[in-house]
Amino acid sequence: MKIFSYAKDYKNKTYISVVLSTISVFVGIIPYYLVYKIIMAFVGDTHVTINYILMISGFILISLLLKSLLFFMAMAASHDAAYDTLMGMRKKLADKMIKMPMGEINKKSSGNFKNIFVDLIEEMELILAHMIPEGISNLVVPLVVLVYLFILDWRMALLSLGTIPLGMVMYKLMLRGAGEKIKQYFKASNEMNSNIIEYIGGMEVIKIFNQTTTSFEKYTNSVKNYKKFTLDWYKQSWIYMTGFFTIVPCTMLFVAPFGALFYTKGTLSLGTYVLCMLLSIGLGAPLTRLAEFVEFTHMLTEKSKIIEDLFDSKEIVEKDMYKIPENYDISFNNVTFAYDKQDVLKGVSFKAKENTVTALVGESGSGKSTLAKILVRFWDVEKGGIRIGDVNIKDIPFEKLMDYISYVSQDIYLFNTSIMENIRMGKPNATDEEVIQVAKLAQCHDFIIEFGDKYHTSVGDTGNKLSGGQKQRISIARALLKDAPIIILDEATAFTDPENEDKIQEALNSLTGGKTIIVIAHRLSTITDANNIIVMDKGKISAQGTHDKLLKKSKIYSSMWEAHTKAMDWDIKVKENKIS
Ligand SMILES: Nc1ncnc2c1ncn2[C@@H]1O[C@H](COP(=O)(O)OP(=O)(O)OP(=O)(O)O)[C@@H](O)[C@H]1O
């Protein structure tokens, strides 16, 4: 199982656990031998003194205590190694996600990721922490006992294994179709996780649209489904499971009667008979526990496959040879791009020069945000190329590319921490003063100081304590603080009320010169001064030029402008109460 490869960094603790649990197994066999000594002392000719019995009992007690102590020390070492491994796996998974294209991440729901990061990895603890010490003792005990039994009397050794063939039949029946059942169980568990997260995340929409019944139904159905698959699996296997766990430990079934027969026939001494019975009793429990571990392994192999699939999933390809751009001009050369099969960008070519503002406008769905997302390599382009300062973005180290670009997307995400820390994410070593300075530039300062805790006010879960416009300006402040040479601002339509628009405009004006700025604009009045306006239409560039030029030569742009000015007039009239 590949899971053990993640444990290799912590192998020393694992070795300690292996050594301790093996010693514990051998120490655990001593009491059987000592009990045999007592019995033999009574049946033999020797005179048994109370001191002798007390001494042997003392040794039994010491061996039992030592066995437990060693076992718990082994468990402590294996748990230590296991939790280190789980931490390592979670870190590696988080690293992996940074390298994955957004498209790959979006294929899975957040419930799916939660299931992998939390539940599945937690269950790996069972393999790593318990399988090593317990697995070893459950494997070594029967082996050592069997070898000893064969040394004593091979017939008795074989008889002590008599229940195993019967148990194996039960075991086989128990595992019949288990692979399929496990897959169904995981599918149901994943669905349940995704539905729970969707139910909680979508609560606002559910309440507004009074969809409580249907959404609740979807949620309860997945919970019921999960119960059904778990129970089905249990019902199918419980009879055989009970059979197995009843039959296998009855090692005395053959040992006692046949041993008595051999003894009466004089082919087995009383001492060996007694010792064989004692040893075969000790054989039963570890044998059944061993079977339990085989079952766990079966299940955990399936679980670790899900984790491994995530580790093996597609990454943004990084090359060995890198180039660093000499300037920050951006050029799209004949870029064609599809999320799935249908092209959403078709042969797009344009240049956004350093020290200029380029605006992208066009109808909803015309491909504006997609242009921004492929520039930051959320998805890789296969046809055509994107260059920064004449270097293809695929030839720039991904981390460097992220350093060059500040991207304010439509989906603003704020972390559940203070406003100060949310802005500081743009430059982790920024001082408080620097944060406040950019907040002023981004027109956030005034509303921040209105809050009781000012910059230390928590923004709430995903920023839900702030208005849309406030969140947008905080994300602009974050981008300003990063001070990257390229800035992409994807304006969110939802927050473009005139007051917020003015503030955003001021924030944009504060962007210092020398940068390459790309603005995806929904309200055309924000970009009339842009050096170049690109009009997108169904994935293609329909026209480009300055505002004045486009008004004359682009039908799409001039009608967009007309619609925009009408809407502005409407706004003003409503404000002046001319329209009720
Ligand atoms: N993750 C995705 N997977 C599949 N298709 C997508 C994805 N994101 C966007 N699309 C599709 O790509 C097309 C272009 O979308 P895009 O978001 O670039 O448009 P836009 O011009 O920015 O729209 P808006 O102005 O509404 O933000 C749309 O048809 C959209 O349905």
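How do the residues of the shell around the ligand divide into nonpolar, polar and charged? Keep that in mind while reading the points below.

1. **Confidence.** This is a predicted model. The protein chain has a mean pLDDT of 83. In that chain, 91% of residues reach 70 or more. The model as a whole scores ipTM 0.96 and pTM 0.68.

2. Confidence is highest in strand E1, residues 330-338, at a mean of 93. Helix H1, residues 3-6, has the lowest confidence, with a mean of 65. Where pLDDT is low, the predicted coordinates should not be read in detail.

3. **The ligand shell.** Now to the opening question. The shell around the ligand holds two nonpolar, eight polar and two charged residues. Among the residues surrounding the ligand are Asn 106, Tyr 339, Asp 340 and Val 344. Others in the shell include Gly 362, Ser 364, Gly 365, Ser 366 and Gly 367. Lys 368, Ser 369 and Thr 370 also surround the ligand.

4. **A helix pair.** Two packed helices are described by the angle between their axes and the distance between the axes. Look at helix H5, residues 110-152, and helix H12, residues 270-312. Their axes come within 7 Å and cross at roughly 155°. Angles over 145 degrees count as roughly antiparallel, so H5 is roughly antiparallel to H12. The crossing of these two helices, H5 and H12, is left-handed.

5. **What lines that contact.** Where H5 meets H12, the contact has 27 nonpolar residues. It also has six polar and four charged residues.

Key
Residues are numbered from 1 along each chain as its sequence is written. This is a predicted model: local features need pLDDT of at least 70, side-chain atom pairs count only at pLDDT 80 or more; totals for chains, interfaces and linings use all residues. pLDDT is the predictor's confidence in each residue, from 0 to 100. Helices (H or I, at least four residues) and strands (E, at least two) are DSSP runs, numbered from the N terminus. A residue is near a molecule or strand if its C-beta atom, placed from the backbone, lies within 6 Å of it. Ala, Val, Leu, Ile, Met, Phe, Trp, Tyr, Cys and Pro count as nonpolar, Asp, Glu, Lys and Arg as charged, and the others, Gly among them, as polar. Axes are lines fitted to C-alpha atoms, for helices over the stretch in contact, and angles run from 0 to 180 degrees between N-to-C directions. Angles under 35 degrees count as roughly parallel, over 145 as roughly antiparallel, 65 to 115 as roughly perpendicular and the rest as oblique. A crossing is left-handed if the near helix is turned anticlockwise from the far one by less than a right angle, and right-handed if clockwise.
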